[in-house]
Amino acid sequence: MNANKSVAILAAIFMAVSSGSSQGQGFAGLGSDAEGFSVPRQGHALSFPADHGAHPDYRIEWWYVTANLQGEDGKIYGAQWTLFRSALAPGNSQGFSDPQVWIGHAALTTDDQHYFAERLGRGGVGQAGVSIAPFEAWIDDWQMKGATPSGPDQLDDVALTANGSDFSYSLNLKANGPLVLQGDRGFSVKSAAGQASYYYSQPFYQVSGSIKLAGSDVKVTGKAWLDREWSSQPLANNQTGWDWFSLHLDTGEKLMAFRLRDDKEGYISANWIAADGQTTPLSKDDVRLEPIRLAKVEGRDIPVGWRIQIPKKSLDITTQPLNDRSWMQTSPPYWEGPITVGGSTTGVGYLEMTGY
């Protein structure tokens, strides 16, 4: 079988699992029935390092890094590295009978360009996967790898590499704060009907390394955020997409906030993260997320500018993208890019928007 045909088959398999064209299944099919798969349960305690690894009895999972970078050339950049696992059926097996499908997304954003690449792979043949000790997540030659074979937490110090036809990066991420459990001790509710995921983050990475554009290397430093999430039905079947923020505030605090859109008022949740890692979960009554500027991107009206208000934290900020056209023409397509924060405080972060 030639390489192009193999990629086409893998793309078809992945789209069958996660296609946004499925009506009544939420964005990208993530509201599909979870029958046969494990589902998150409130009160279940996450365990590390075991939960850094894959959970093949759940239908969907990801290892997701976004980095806000400053180049030695004085320019601002953003980098994204994502490994998705999507299951045709629960569990693992050997060879091409393995039901796990893997997909990788990588991107590098400047103020006038957005570069991205996509990789597809099957489990069971070594092309993609995740190991726990030492930690490594990979698809082909893209890697997120623990820097040492042992330590207090394998995700405290990782190396990140990816490349596309016109970009590459090699970044070192070192955490100066703890892992953060999102929602109720890692149980993150996504809808009024109770759909949920297991979700934790490492929002305290300091970054160093280099990027390559147009054949030239640029040394960079900055901040990064890792999201880890797994579920079998993370959305309700009427939820059409989400707007998701991860913010590094210059006060040392962090903010994760999302709005899941549906045919009613939507579902909002957030987590205020103190500089020492202590968290304050926030409900829809605590947070206001308001789009304030639209941009035409790939024929779509995308809300690239936002206002975020959290009165109990005296927060009233606006966000603007580094590049309006941070569009991932992947399967499925979505908007993802670095943003800057202004208003009652300043900072940087990332915004992901799906379903537009």
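Which residues does Pro134 touch, not counting residues up to four places away in sequence? In this predicted model, Pro134 touches Thr148, Pro149 and Gln154 under that condition. The place of Pro134 is in the loop between β5 (128–131) and β6 (136–139). Pro134 counts as partly exposed because its relative accessible area of 40% lies between the limits of 20% and 50%. Although Pro134 and Pro49 are 85 residues apart in sequence, their C-alpha atoms are 10.0 Å apart in space.

The protein chain as a whole is summarised below.

| Property of the protein chain | Value |
|---|---|
| Helices and strands | one helix and 23 strands |
| Residues that count as buried | 54% of 356 residues |
| Share of contacts with a separation of 6 or more that join residues 24 or more positions apart | 57% |
| Accessible surface | about 14,500 Å² |
| Share of that surface belonging to carbon and sulfur atoms | 49% |

Attention now turns to the interior. In soluble globular proteins, nonpolar side chains tend to be buried together. The largest nonpolar core of this model has 43 residues, and those touching the most other members are Leu69, Trp81, Met144, Tyr169, Leu171, Leu173 and Ile211. Strand β12 (residues 196–213) supplies the largest share of this core, with seven residues. A second core of 26 residues is separate and includes Val287, Leu289, Val304 and Trp327.

Technical notes: Residues numbered from 1 in each chain as written. Predicted model: local features only at pLDDT ≥ 70, side-chain atom pairs only at ≥ 80, totals over all residues. Heavy atoms only, no water. Core = buried A, V, L, I, M, F, W, Y, C linked by side-chain atoms within 4.5 Å. Buried < 20%, exposed > 50% of the residue type's maximum accessible area, 1.4 Å probe, protein only. Helix = DSSP H or I, 4+ residues; strand = E, 2+ residues; numbered from the N terminus. Contact = heavy atoms within 4.5 Å. Areas by Shrake-Rupley, 256 points an atom, 1.4 Å probe, with all protein chains shown as cover.
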